[in-house]
Amino acid sequence: MSGGKIRVGIVGAGRMGITHYAIINSHPDVEVTAVAEPSSVMRLFLDKSVKAATYKDAETMFDKQALDAILLCTPPALNHGILTAAHRKGLHAFVEKPFLLSVREGEELAALFDGSRLVNQVGYVNRFNDVFVAVKRYLQAGLLGEILRFRSEMYSSTVVREEAGEGWRSSHANGGGATYEMASHAIDLINFLFGPPDKVAGSRLTHVFSKNVEDVVSSTFAYKSGCTGALYVNWSDASFRKPTNKLEVFGRRGKILADQHGLKLFLDHDDPERGFKRGWNTLYITDVFNSVPFYVRGVEFTAQLYHFIEKIKAAEDRRTMCSFADATATLAVIDEIFRDAAVIEKEMV
Amino acid sequence: MSTIDQIVFGDNQFFGINHMSQDKAQQLAERFHDLDAIFSVYDAAIDAGLRAVMLNSNSRAAEICDRFRSNPSRYAGLSWYPSIPYPHKYANWVAEKGIVGTLNDVLFQKGRLSGIGKLAQGGLALMSMDIVRMMKMLVDAEMQMFDGLNIKVVFLQNIVTDLLLGLDTADIFREYCEHVRRKYGAMPGLITQNMPYLRNKLMEWGISGVVICSSINKIGYLMSPGVEAYKQALAENDPEAFPMMAMSTLASGAVPPKEAYDFVNSLNIQSVVFGASSRPHIEETIRLIK
């Protein structure tokens, strides 16, 4: 670190790269010193408007700039090479989801970064949403009793026109499609709340507008405990003005309906400790939110990046709320969905 | 310097925007699908004495502006507080095409944004544009629908303000403010969820004469870094330099109106923007704001 500030380099100045830049730049202990971005137009804009130096790729940036950490916001197919180089340089790394496209590479990088005590985190932002954090707390406290069923759903109007099938988003090999790009959030939320499933079944991928990748994905998750969950994600649903997560959890003693904005809780008992009554209880985001020092896109986006910086500054426990290992577990579920869906697809022909 | 209206009638209620409940948002979107339903609320607000309107440049704003323009005898006395851009339009566009692809489309492709494509054609390429000129073109494209209305303040939406604020782009803010003053004869406005931070930065950059609109409610909802920092910034603020406008005063319904406006009234705030969808609520809110 130089002058006590953590020097951060951003790799990939697309939508997420720019958003993360704005958020982390507000942190009093951070200085964004460099950006690596292949588009010469974007570099030109950045050169004229921000203080950080710009480079055409991560390797050049690593060679020319002394850094402490990177925020990696490139298409996931590029991430393995960049992260291996970052590890060699001893850099802490925050990586946008879905992190990578291969479980084996995920395990390898998790071991490398953990082994070197380098802070590693992936941007599954729901883990920092105040409502979902509250849900996790209630489940852990056993408020619903034994969990028997859940549904994790996500909707958006991201792709609502015929796609030309161009660009990195239009193939699985590059990390495109509704499963990698959107369902990964809903799957990670399942892993966060209930753990990874023991079996994935009945998976279907549906094309609506995209040529080469799915726009809708659904699946069933089975657990040895007896719990069963359903996943349904649709990014071609024009009725949703903005991306929406919906979660339903059913237990022996009640149920929870939650989205990013609030939750409804039905209980078969009074819970004086948390102030809940038997029957319906409603909690709004305004009841559970925590303020963040700087807000751009949502409290959770700031919370996750400030957590990353906090862990870099920590002497002892450097394990993050969403480590490379956690993201690898989500990748493993995605692999299972693709494998399962391919089997079913074959049977249907 | 012209003074801003003490009460401005907002538009979130019309477009299915409710930070607290998606069900509520959906109900509102359904009810206001019909332009007549929107105008019965505007008429109620005008009957109650309101003379100032904030409207985001979303997909329905153009037809709303048309209707206001088409009845000058009833609506001519209104002051307009447009906010630009409509963020979700660009968010989806960027998700599909990337930032550069989106700018190319917006600035150079014919027909996607009315008029601007034609205006920009003639051999110009993104590479040859300076960022300030591009910002002005984007502002002008969004402002077309408000043409002919009496514009008092042009607000930049919080997602854009706060993104540029985090990136620390002093020049873009300076040029935006100048452009709004010169081209629209209006005051520049910035909507933010980081009012104390923004105000400090503007002072550091030597920019003033800017209306700052931010969430102000007693529970600190959408107020970064927190209520106390807001109270302090407001107490110190010179309203000539930065007229302050409060939004989200009810914190999406979490604070009852009386409590909410007792809090707002106790602070050094020049203006309040609120949205309501019924005559009694509009009248009650006007009574409570001092």
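The model is predicted: local features need pLDDT of at least 70, side-chain atom pairs count only at pLDDT 80 or more, and totals for chains, interfaces and linings use all residues. Residues are numbered from 1 along each chain as its sequence is written, while chains are lettered from A and ligands numbered from 1 in the order in which they are written.

**Chain B against chain A**
- 38 residues of chain B are in contact with 37 residues of chain A (C-beta atoms, placed from the backbone, within 7 Å).
- On chain B, helices H5 (87-108), H8 (158-167) and H9 (170-184) each supply at least two residues of the side that touches chain A (helices are DSSP runs of H or I, at least four residues, numbered from the N terminus).
- H5(B) gives the largest share of that side, 7 residues.

**Domains of chain A**
- Chain A is divided into domain 1 (6-125 + 298-321) and domain 2 (127-293 + 332-344); the bounds come from an automatic or database domain assignment.
- The C-alpha centres of domain 1 and domain 2 of chain A lie 26 Å apart.
- The contact takes 18 residues from domain 1 of chain A and 18 residues from domain 2 of chain A.
- H9(A) gives the most to the domain 1 side, with 7 residues.

**A:Lys313**
- A:Lys313 sits in helix H9 (residues 299-313) of chain A.
- A:Lys313 is exposed because 11 other C-beta atoms lie within 10 Å (exposed means 12 or fewer, with C-beta atoms placed from the backbone).
- The C-alpha atoms of A:Lys313 and A:Ile6 are separated by 8.8 Å, though the residues are 307 apart along the chain.

Conventions
Two residues are in contact if their C-beta atoms, placed from the backbone, lie within 7 Å. A residue is buried if 20 or more other C-beta atoms lie within 10 Å of its own, exposed if 12 or fewer, and partly exposed in between; C-beta atoms are placed from the backbone.
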